[in-house]
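Subject: Handing over the structure

Hi,

Here is the structure I promised to pass on to you. Please have a look when you get a moment; my notes on it follow below.

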Amino acid sequence: MKILLIEDDQRLVEFIKKGLEQAGFSVETAEDGLSGYDLALQLEVDLLIVDIMLPLIDGFELIRSLRVKRPTLPILVLSAKRSVEDRVRGLELGSDDYLTKPFSFAELLARIRALLRRAGRPPERLVIEVGGLKIDLLAREVRRGQEKIDLLPKEFALLEYLARNKGRVLTRIQILEKIWGYQFDPESNVVDVHICRLREKLGSAHRGLIRTIRGAGYMLTDET
């Protein structure tokens, strides 16, 4: 499930994004109201989290405008504006929930799940099963039967990304941007090194899960 987070506090963005991804969500971000509005129309997102005090277009105006185009999109306001008047205004303009800062991440996650249930969205997958492996997105664990496979954070993130895109070829550029967050360096072999380590840790019985597609990239399949 994909969530769009529109927030201009980058430290808060990193905190929320990390927590939501660990909970199994895919997260897109925008740091101002104008780009956030455009992304909300361009992307197939399941829920929107929006701050009120945003550059270019504030959250109130964004919600009002967006409700015309996306009337059923669940919207959760996350704001430092705590007055009753602000909360009422946000809800009357079309938001579905209003959470004030500072907040508990556990409460934010519970409210997100409640909004998705109310909207009829299926619950996010917390465990991905592929080729005899169980990838627990919440506990950040991988098991082969009862055996736990110890992975470093980047190795787990790489396996999760491949598993979420099972059967699809992912290029080195896509993997670098998603897992390491920087543009492709033709001289870098960081992806190949991590794929090699991941195959070794999965064991000989599962090395065939991650296929090298010559000239294209890597793909995870159910076949071992």
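D51 carries the UniProt annotation "modified residue: 4-aspartylphosphate", which comes from an unreviewed entry. Please keep in mind that what you have here is a predicted model. In this model, D51 sits in the loop between β3 (47-50) and α3 (59-69). Is D51 buried or exposed? With a relative accessible area of 4%, D51 is buried; the cut-off for that word is under 20%. If you set aside the neighbours within four places in sequence, the contacts of D51 are I6, E7, D8, G59, L78, S79 and K101.

One of those contacts, G59, also belongs to the buried residues of α3, together with F60, L62, I63, S65, L66 and R67. What do the buried residues of α3 pack against? Their partners are β1 (2-6), α2 (33-42), β3, β4 (75-79) and α4 (84-93). The N-terminal end of α3 is capped by D58, which places a side-chain oxygen 3.1 Å from the backbone nitrogen of F60.

S79, another contact of D51, is touched by T100 as well. Not counting residues up to four places away in sequence, T100 also touches K81, R82 and R87. T100 is part of strand β5 (residues 97-100). T100 counts as buried because its relative accessible area is 18% and the limit is under 20%.

Now for the wider region.

If you like ring geometry, the count of aromatic pairs comes to one. The pair is F15 with F105, arranged edge-to-face, at 5.9 Å centre to centre and with 75 degrees between the planes. F15 lies in helix α1 (residues 10-22) and F105 in helix α5 (residues 105-118), so the pair ties together parts that are 90 residues apart in sequence. F15 itself is partly exposed, at a relative accessible area of 45%.

Between β6 and strand β7 (residues 133-136), the antiparallel pairing runs over four bridges, and E129 stands opposite K134 in β7.

Finally, a word on D150, found in the loop between β9 and α6. D150 is exposed, with a relative accessible area of 55%. The C-alpha atoms of D150 and K201 are separated by 7.7 Å, while the two residues are 51 residues apart along the chain.

Best wishes

Notes: Residues are numbered from 1 along each chain as its sequence is written. This is a predicted model: local features need pLDDT of at least 70, side-chain atom pairs count only at pLDDT 80 or more; totals for chains, interfaces and linings use all residues. Side-chain values use heavy atoms; hydrogens and water are left out. Two strands pair if DSSP finds at least two bridges between them. Helices (H or I, at least four residues) and strands (E, at least two) are DSSP runs, numbered from the N terminus. Rings of Phe, Tyr and Trp (its six-membered ring) pair if their centres lie within 6.5 Å; planes under 30 degrees apart count as stacked, over 60 as edge-to-face and the rest as tilted. Buried means under 20% relative accessible area, exposed over 50%, partly exposed in between (1.4 Å probe, protein chains only). UniProt positions are given in the numbering used here, feature names are shortened, and annotations may be inferred rather than shown by experiment. Contact means heavy atoms within 4.5 Å. A polar contact is a pair of N or O atoms within 3.5 Å; within protein, one must be able to donate a hydrogen and the other to accept it, and residues adjacent in sequence count only if both atoms are side-chain atoms.
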